[in-house]
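Student: I have a model open and would like to go through the terms used for it. Could we take them one by one?

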Amino acid sequence: MNDFDTEDRLRFEQLVLPHVDAAFNLARWLLRSRADAEDVAQEALLRSYRFFRGFHGGDARAWLLQIVRNTCYTWLEKNRPMELNMEFDEELHLQTCATPETLAIAGDDRKRLTLALETLPPRFREILVLRELEGCSYKEIAAITAIPIGTVMSSLSRARRQLHSALVDSPQGARP
Amino acid sequence: MRCDFADSLLQGYFDGELSGRRAAEFERHLQHCVHCATELVDLDLLRDRMQLAQLYEPATAALRRSINAPLRAIAPTKAVSRPLVWHWLAAAAALLFVSILLWRVGHGVHGDDYQAELAGEIVDAHVHSLQPGQMNGIASNDERVVEGWLEGRARFAVPVRNFASDGFALKGGRVDVIEGHAVAVLVYDRNRRPINVFIWPTRERDSPPRTGSLQSFQWVDWRKGKMEFCAVSDGSPVDLEQLRQLINSFA
């Protein structure tokens, strides 16, 4: 390995690796599973490393998250294609929420919120995760998800409304 | 009940994304719109609740361990604009994609998995090219200029045509790397949406179009005259088919 490669690797470690948490968090919420997120986030990071020389500066987190997101969707398409077409289904959602199992595990508010977020379609879920958990600006969200800023705003509006109604419908009410 | 007029402004206001002037405008609206005022409180409660629940999930220790080792074993692919890239690319291709290549030699045909993987890479490359500052190629609507530029960089001749009179205006070309191979990319504009056409030589026979969609992108892939083409855009598949026919009439 020559100096140039070492230099690139150091640059990658400085610019991209600090965002490993962001990569895992987005994958975990998109895939709704920590185990799958581990695999897919790893694949995405290796991919980003391979493509790293195509990254000419700018927002490394947005650049990485874009690759993570693409890798997640490719994975979902292959392994759980139904999920990509999923729309927020009020009835299905109510059924899911009303089972004794979910009642039992929805013991604290974190679990209730997790369940509610996971009933949202992936496209709304990711936009909430990017905005509320990752603190991305509209511009960053637009870059990561490849949608226009105007659509970011309207999707956020719909996503928040769906999450709100998922929580209001959930067995123990809107507030803990 | 919602106030449709202010719905998107409300989100922007809540997220601090409005300009000062627009924010002031919305605040004036807020003084006499009870719907917006209520919704703003709801949004605030929801955000507090999400923060309190600590939903953020940091990377696991296993993930951190698992990425460190392979990074030392592989090197990133060089950007095509750097000099001496061809020698390096040949080595990188052999190194990084040896399993895919072996698989292809062994089977001699392109399976569905291969197709999906290829489409994935091409869509990635397309998305990447949409980012500001990512277009390192040539911007020109002149067929001969683009053809000459590509000829010097891809190792094969690329048929370049401007179909502006049919509504597909040539915007330029660039060289990209797909599966470790250099591919030529022609960029067309269709109603202000970019279409990328990836082109590379193949030894396979002509094939009818195969289409698919990935994320919100459509792609169509076909082979003609020992060249493989893959067109990608976020527009309508009808546009892609029309462009495919135009290209095929020249290829």
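Student: What makes S5(B) and S6(B) a pair?

Tutor: The cut-off is at least two bridges found by DSSP between two strands. S5(B) and S6(B) have 6 bridges, so they count as paired. One of the positions to look at is B:Gly212, whose bridge partner in S6(B) is B:Trp219.

Student: What holds paired strands together in general?

Tutor: Strands of a sheet pair through backbone hydrogen bonds, and the pairing is either parallel or antiparallel.

Student: How do you know that S6(B) also pairs with strand S7 (residues 227-233) of chain B?

Tutor: By the cut-off of at least two bridges. S6(B) and S7(B) are joined by 7 bridges and run antiparallel, so this is a pair as well. In S7(B), B:Cys230 stands opposite B:Asp221.

Student: Which residues take a positive phi in the two hairpins?

Tutor: In the hairpin of S5(B) and S6(B), with 2 residues between the strands, B:Gln215 has a positive phi near 50°. The hairpin of S6(B) and S7(B) also has 2 residues between the strands, and there B:Gly225 has a positive phi near 55°.

Student: Why is strand S6 (residues 217-224) of chain B called mostly covered?

Tutor: A residue is buried if 20 or more other C-beta atoms lie within 10 Å of its own. In S6(B), 6 of the 8 residues are buried, so the strand is described as mostly covered.

Student: Why are S1 and S5 of chain B called edge strands?

Tutor: The open sheet has 7 strands in the order S1-S2-S3-S4-S7-S6-S5 (chain B), with antiparallel pairing. Strand S1 (137-139) and S5 of chain B each pair on one side only, and they are the edge strands. On average, neighbouring strands of this sheet are turned by 20° against each other, direction ignored.

Student: What makes S1(B) and strand S2 (residues 169-178) of chain B a pair?

Tutor: They are joined by 3 bridges and run antiparallel. The cut-off is at least two bridges, so S1(B) and S2(B) count as paired. In S2(B), B:Gly172 is the bridge partner of B:Ala139.

Student: Which helix lies across this part of the sheet?

Tutor: Helix H8 (residues 143-153) of chain B lies across S1, S2 and strand S3 (181-190) of chain B, and runs at about 10° to S2(B).

Student: Why is B:Asp124 called buried?

Tutor: B:Asp124 lies in helix H7 of chain B. It has 22 C-beta neighbours inside 10 Å. The cut-off is 20 or more, so B:Asp124 is buried. The C-alpha atoms of B:Asp124 and B:Leu214 are separated by 9.8 Å, although these residues are 90 apart along the chain.

Student: What makes helix H9 (residues 122-133) of chain A largely enclosed?

Tutor: Of its 12 residues, 10 are buried, so H9(A) is largely enclosed by the rest of the structure. Among them are A:Phe124, A:Ile127 and A:Leu130. Just after H9(A), A:Gly135 has a positive phi of about 70°.

Student: How do you know that chains A and B touch?

Tutor: Two residues are in contact if their C-beta atoms lie within 7 Å. By that cut-off, 44 residues of chain B are in contact with 46 residues of chain A. H4(B) gives the most to the side of chain B that touches chain A, with 7 residues. That side has 22 nonpolar, 12 polar and 10 charged residues.

Student: What confidence does the predictor give?

Tutor: The mean pLDDT is 77 for chain B and 83 for chain A. Where pLDDT is low, the predicted coordinates should not be read in detail. For the complex, the predictor gives an ipTM of 0.84 and a pTM of 0.56.

Definitions and conventions. Residues are numbered from 1 along each chain as its sequence is written. Chains are lettered from A and ligands numbered from 1 in the order in which they are written. This is a predicted model: local features need pLDDT of at least 70, side-chain atom pairs count only at pLDDT 80 or more; totals for chains, interfaces and linings use all residues. Helices (H or I, at least four residues) and strands (E, at least two) are DSSP runs, numbered from the N terminus. Ala, Val, Leu, Ile, Met, Phe, Trp, Tyr, Cys and Pro count as nonpolar, Asp, Glu, Lys and Arg as charged, and the others, Gly among them, as polar. Axes are lines fitted to C-alpha atoms, for helices over the stretch in contact, and angles run from 0 to 180 degrees between N-to-C directions. pLDDT is the predictor's confidence in each residue, from 0 to 100.
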